[in-house]
Amino acid sequence: MKNHNLFATLRAAFPASLDEVAIETDNSLNYSWRDLDRATAMMANLLQSLGLPAGSRIAVQVEKSVEAMVLYLATLRAGYVFLPLNTAYQSAEIEYFIGNAEPAVVVCSSKNFGWVSKIAFKAGTQNVFTLDDDRSGSLLDRAAHCSDQHAVAVMQEDDLAAILYTSGTTGRSKGAMLSHGNMLSNALVLKDYWGWKKGDVLIHALPIFHVHGLFVAIHGALINGSKMIWLSKFDPKLVVKKLPEATVFMGVPTLYVRLLAEPGLNREACRNIRLFIAGSAPLLIETFNEWQQRTGHTILERYGMSETAMLTSNPYQGGERQGGTVGFALPGVSLRVQGDDGQLLAAGEIGGIQVKGPNVFKGYWRMPEKTAEEFTADGYFKTGDVGKIDERGYITIVGRSKDLIISGGYNVYPAEIEGYINDMPGVAESALVGVPHPDFGEVGVAVVIPKPGVTLDAGQMVAALKSKLANFKIPKQCFVVSELPRNTMGKVQKNVLREQHKRLFI
Ligand code: MLC
Ligand code: AMP
């Protein structure tokens, strides 16, 4: 029987000589392919020794480290479901994810063990381990006693491999269920489309709790047996220093903006680079052009999302990488643009982007109604992005029908933040809008209406939010005003607010 376990294919791509370096870290550690094989086997054996039911979720909120990546791979290897959580999430956010996903295992940093374990035990989780970014923690202590031999769990294409929470437009996060088949098909398509080849070296500078850093980057390197230069966090100076040793770099637009501010970024530094890839948020044409002038390289922009992994890409070869577009639908992905009345739109017409393909997720965790709402009768997923396709097939994203702010590559759902603000004493109503920002692309600005007779302090409100929400969700500015602009139906006109505040940061 064929094993559809994604790890089986990644493992099969390891080079024959397992002693070669697979990962080089920014604190001068080298991990060989053999190290990765043994460490994933030991951790997979540990997970399996816990006697977890099939389909158990392994929820993980830890700092970036090679061991955290090993935990991801070990979860695949053992046949369980990986649930990565942004390190910025605070207790109320974690409580929701753990309560909703009911993980059998929770892994957290030792500094957070007190509060995270309390939440986990309350939700019925039996196993809480710690994992720190200095190769310590109870998870590694326990795995050290496990065998380094492990037969990869046999999985079907549709078996779940990961759940990625993406915030919902109503403020409740939804867990996108991705199968082994979803991720394997996408990884294989990208390996071919982006021309991965022997000798490639990837600089991994992204966080590993979202699609970009966890799947696109890690799968991309591993499925090609390519070495990674592993940076624990994005540091533009260090990236520029490491560029000559690398052939591939991936980043959200903010990373490119910050790299351009480095005087050392020039053609010489990029002499060995084969490909610069950008995505997760719109890449400004100014950044695209400036990058070309400074480095001689044309950034390849692609488009994807948690529910679908990668959907489109500008060409690696055989065509122009056109700035301002996200390129073509990837092989196997059917992408169309639909109008408000459900009619398919012709080239150049703007409408909702819908997709179908082996990469499209299985649905939202325990939300069958939400899942049904997001698919058309003929099986296309409604991305919530608005765009157009030109005669040549290039896709341009022009906006979003979902009320979403993408800040530095992280998603901020206004409904969630507004909910917190509206719950504060003295607040009658609020609106959060995204405005342009030179570093993060877009940031949230809050506009708040007090209850009659109440005086609100914007600074205090922001401070109160900081104690409850992940830092990237905190509005960068907060205004207290007497009324919100409304249309004749009484609906708040967020476009008017965006217009009013569009020059706040630029
Ligand atoms: C940090 N801050 C942000 C922010 N990141 N504010 C808004 N948006 C962000 N993205 C704020 C913090 O709140 C803090 O504010 C201050 O900046 C310093 O925090 P930091 O953690 O030290 O910041 P830094 O390390 O500079 O992080 C910036 C960054 C990071 C750009 C490196 O945001 C990042 O790694 N972004 C990548 C996100 C990503 O991987 N997205 C992929 C999603 S997958 P204060 O006030 O508290 O000091 C996806 C699908 C697809 O979308 O297609 O790929
Ligand atoms: P996430 O839910 O974090 O996976 O974010 C997915 C969203 O990011 C998509 O629905 C798009 O709105 C946005 N996105 C991803 N890549 C791009 C891109 N290249 N250009 C514009 N938006 C993008």
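**Reading the ligand site and a helix packing**

Modeller: A nitrogen atom of ligand 1 lies 2.7 Å from a polar backbone atom of Ser-407, where a polar contact is a pair of N or O atoms within 3.5 Å (within protein, one must be able to donate a hydrogen and the other to accept it, and residues adjacent in sequence count only if both atoms are side-chain atoms). This is a predicted model, in which local features need pLDDT of at least 70 and side-chain atom pairs count only at pLDDT 80 or more, while totals for chains, interfaces and linings use all residues. Residues are numbered from 1 along each chain as its sequence is written, chains are lettered from A and ligands numbered from 1 in the order in which they are written, and side-chain values use heavy atoms, with hydrogens and water left out.

Colleague: Which side-chain atom lies 2.6 Å from an oxygen atom of ligand 1?

Modeller: That is a polar side-chain atom of Ser-280, and a polar backbone atom of Gly-408 is 3.0 Å from a nitrogen atom of the ligand.

Colleague: How do the axes of helix α3 and α8 cross?

Modeller: Axes are lines fitted to C-alpha atoms, for helices over the stretch in contact, with angles from 0 to 180 degrees between N-to-C directions; here the axes of α3 (residues 66-78) and α8 come within 13 Å and cross at roughly 80°. Angles of 65 to 115 degrees count as roughly perpendicular, and α3 and α8 are therefore roughly perpendicular to each other. Contact means heavy atoms within 4.5 Å, and the residues making it include Met-69 of α3 and Phe-215 of α8.

Note on methods:
Helix = DSSP H or I, 4+ residues; strand = E, 2+ residues; numbered from the N terminus. Parallel < 35°, antiparallel > 145°, perpendicular 65-115°, else oblique.
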